[in-house]
Each structure stands twice: as C-alpha cells, then as structure tokens.
Amino acid sequence: MSNLTSEKEVIELCERCSARVNLQYKLVEEKNCIYCCGIFSKIKDIAKEMVPKLREYNIKTIEVGCELKGSLREFEDYLNPQVSIKNEIKNEISKILEEFGFSDVRRRKVIPDAVININAENLNYNIRITPIYLYGRYIKRIRNIPQTRWVCSACKGKGCQICGFTGKKYQMSVEEYIGIPIMNVTKCENFILHGAGREDVDTRMLGKGRPFILEIVNPKIRNLNLKELEKAVNEFSKGKVYIKLFGFAEPKHVSELKTGKYKKIYRAVVEFERPVKKEELEEALKNLSYKEINQFTPERVEHRRAKLLRKRRTYKIELLLYRERKAVIKIEADSGLYIKELVSGDKGRTKPSLSEILNNPSRVVKLDVVDVLGGLKEFE
Ligand SMILES: [Zn+2]
Ligand SMILES: [Zn+2]
C-alpha cells in the first residue's frame with residue numbers, strides 16, 4: 001500500500017469517511033476525499049434515476065447489491081474502516097428508494113421483485129427484474145406439437161423457403177400456447193417453459209398432465225390471478241393444450257423439477273410384422289415387466305445427444321386391446337426410458353425389447369403419456 005500514501009503524507013478524507021477510520025487524516029471536501037471521491041453526493045441522483053424503470057415494471061420490493069473491487073477495494077483494505085463503503089452505498093440507495101415507496105427485503109428472506117447492483121468504482125448499475133414462475137401441469141391433446149419452440153434448422157430462425165419464412169420448424173409449441181396468452185396479460189418480454197421431462201412431438205400428453213414451470217421474463221404486471229391466467233391459456237389454445245396452475249414457484253423449484261425422477265405411464269398402439277397369439281403376447285409383456293432395460297441412445301436422437309448407455313426400469317406392463325397384428329398396451333416405466341425403442345429394440349441398442357422377446361419385429365405407431373406420477377410436493 002506504500003504506493004497510495006507515503007509515510008509522511010497525511011491522507012485526505014471527507015468528514016463522513018474520516019469518522020469511520022482510525023488513522024491520521026486531513027479533512028477535505030467530499031469530492032476530494034481519497035476514499036469515497038464524493039460518491040455519496042452523486043448517489044441520490046443515481047437512485048432517483050432508477051425510479052422510472054422500477055415503476056415501469058411495477059416493482060414493489062427491491063434488494064440492493066454493491067460491487068467493490070479495484071482501487072476502492074484496496075483502499076478499503078488499507079483504511080480498515082468500521083463500516084464498509086459498500087454497505088453504506090447500499091443503505092443510502094435503499095433509503096432513497098424507500099422514500100419513493102419501494103421496500104427493501106434485506107434480512108427478510110423473501111425474493112425481491114427486482115435486484116439492483118451497483119459498481120462502487122464507476123457507479124454503473126443494473127436492475128434485474130425477478131422473473132415470475134408459475135407451477136402447473138399441462139395436457140397436450142393433439143399430436144405434432146413440440147414442447148418448446150423449435151427453430152427451423154435450415155435457416156436457424158432467420159426465415160427461409162423451407163419454413164415459409166417463419167423461422168420455425170413447427171408453427172406452435174406447448175410453450176407458446178401457454179406463454180403467448182400469459183405474455184398478453186403480464187406484458188412480459190419473454191417466457192420459458194421448463195418441463196418435468198418432455199414427450200416426443202408426435203406423442204400426446206394426457207391424464208393429469210405433465211408438471212411444468214413457466215418462467216415469465218421481465219413482466220410489467222406482477223399482480224396475477226392464477227384462475228384468470230388458466231382461463232386465458234385454455235381459451236387461447238382452443239383445447240389443444242390445457243393447463244392447471246397450482247401456484248407461484250421460485251428459481252430453486254426449476255432445478256428441482258428438472259432433476260426430479262417421475263415415473264410415467266404410457267399407452268402405446270403397437271404393430272407386429274407377423275400375427276401374434278394373445279397368450280404369447282401376454283407372456284412377453286409379463287416377461288418385459290419389472291425389468292432393468294439397457295438402452296443405448298436411440299438412433300433417432302443420436303444427432304442431439306451423445307451415445308450413452310442408460311439403465312431404466314419398467315414396472316407393470318399390460319395388454320389393453322388385442323388384434324392379431326396390433327395391440328394397445330399400457331406401460332409403467334422410469335422417467336427417461338425410451339418407449340418406442342423398448343418395443344422396437346432399436347436394432348439391438350435396447351435390451352430386452354418386445355421385438356426381441358417375441359422374435360417378431362414390433363413398432364409403436366401411436367404413443368400417449370397417460371400419467372406423470374409425482375410432481376413437486378409443495379404444490380400438489
Ligand atoms: Zn469520503
Ligand atoms: Zn427456415
């Protein structure tokens with residue numbers, strides 16, 4: 001620290017800063033203070049500057065953070081003050097904002113509507129509006145809708161002849177059926193659907209639906225009524241996608257939802273290459289029930305995911321409907337088990353499989369998820 005002050009020099013501090021250190025100093029005006037450089041006289045204006053943006057987003061609660069690095073940090077280490085300038089800046093900003101009606105959530109352990117971060121060095125700041133998270137379940141009643149927005153791979157979203165200049169491979173997704181009407185209500189800038197797993201584009205999601213969290217990014221309306229949002233979505237999608245909302249979630253729930261393991265129940269329409277006897281099929285399904293299945297990443301998804309060996313369990317598998325070359329079966333399985341491959345065997349990549357046990361090539365022609373078990377306990 002000898003480069004900051006030589007031993008004979010007396011450091012120049014303002015009244016405010018000098019009160020917090022235990023060193024010899026010379027009293028100077030704030031703007032000449034070597035520690036705060038007159039920050040506090042500027043802070044009021046900076047805090048006032050934040051007000052219109054906070055009001056635009058209907059913010060009620062805030063949290064203020066302050067970054068202290070570079071020379072200020074070094075200087076603080078040297079001065080070793082009773083109260084850090086960082087805390088003083090934070091307090092000053094929140095005091096001013098409270099005068100404008102915002103409430104600082106500090107020490108209240110609640111998530112604020114917005115987080116303000118200021119850099120003590122240059123007084124640049126940013127305001128991060130906290131997203132709103134909604135927890136619910138969705139039902140997808142028709143096929144050929146992806147779960148999330150799907151960009152056209154030919155033009156990467158720019159728009160081309162292949163996608164009819166929409167930039168999308170599928171015109172609508174579950175995410176958009178839910179997000180667009182909610183965007184209209186909340187005046188948000190974006191929305192992100194986080195699902196508890198996902199079904200294939202051509203698979204319906206029925207039963208009680210799949211748990212999801214919708215992240216609403218930069219909403220201008222924060223005071224929301226879940227019943228009204230549900231209604232807006234269900235009217236907008238005209239029955240294609242149906243949602244039920246259970247409550248407001250927090251960021252931690254997103255990771256909980258994404259890492260959670262939920263058993264699924266499927267209903268599959270299966271076709272066999274050669275006619276199969278009913279007893280033989282029943283025996284094969286019994287054989288495939290409650291088994292550990294070894295699955296290498298299916299051929300159809302290998303372009304998206306690395307080739308890995310997965311081990312997943314099947315539970316009860318039963319025959320619902322029998323025709324000689326067709327059957328409807330109900331399968332209960334761990335999340336992440338590829339059902340189409342459980343039936344086809346995927347050229348030996350999935351073992352055991354229905355095709356293998358029957359020694360008769362079989363394939364899923366239609367698939368529905370009829371239930372996703374579990375969900376987040378706090379909400380349902
Ligand atoms: Zn000072
Ligand atoms: Zn395109």
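The protein has a radius of gyration of 30 Å, whereas a compact globule of 380 residues would come near 21 Å. This is a predicted model. Look next at the box that holds the C-alpha atoms. Taken along the principal axes, this box is roughly 100 × 45 × 45 Å.

The protein has ten helices and 16 strands. Of its 380 residues, 34% count as buried. The contacts also say how the chain folds back on itself. Take contacts between residues at least 6 apart in sequence: 68% of them join residues at least 24 apart.

How is the chain divided into domains? The domain assignment gives domain 1 (11-129), domain 2 (135-259) and domain 3 (264-372). The centres of domain 1 and domain 2, taken over C-alpha atoms, are 40 Å apart. These two domains do touch: six residues of domain 1 are in contact with five residues of domain 2. On the domain 1 side, the touching residues are three nonpolar, one polar and two charged.

Finally, pick out one residue, Arg313. Arg313 sits in strand E13, which covers residues 309-322. Is Arg313 buried, exposed or partly exposed? Count its neighbours. Arg313 has 14 C-beta neighbours inside 10 Å, so it counts as partly exposed. A residue needs 20 or more to be buried, and 12 or fewer to be exposed. Leaving aside residues up to four places away in sequence, Arg313 touches Lys291, Glu292, Ala333 and Asp334. Ala120 makes a contrast: Arg313 and Ala120 are 193 residues apart along the chain, and 55 Å separate their C-alpha atoms.

Conventions:
Residues are numbered from 1 along each chain as its sequence is written. Chains are lettered from A and ligands numbered from 1 in the order in which they are written. This is a predicted model: local features need pLDDT of at least 70, side-chain atom pairs count only at pLDDT 80 or more; totals for chains, interfaces and linings use all residues. Helices (H or I, at least four residues) and strands (E, at least two) are DSSP runs, numbered from the N terminus. The radius of gyration is taken over C-alpha atoms; the globule rule is 2.2 Å times the number of residues to the power 0.38. Two residues are in contact if their C-beta atoms, placed from the backbone, lie within 7 Å. Domain bounds come from an automatic or database domain assignment. Ala, Val, Leu, Ile, Met, Phe, Trp, Tyr, Cys and Pro count as nonpolar, Asp, Glu, Lys and Arg as charged, and the others, Gly among them, as polar.
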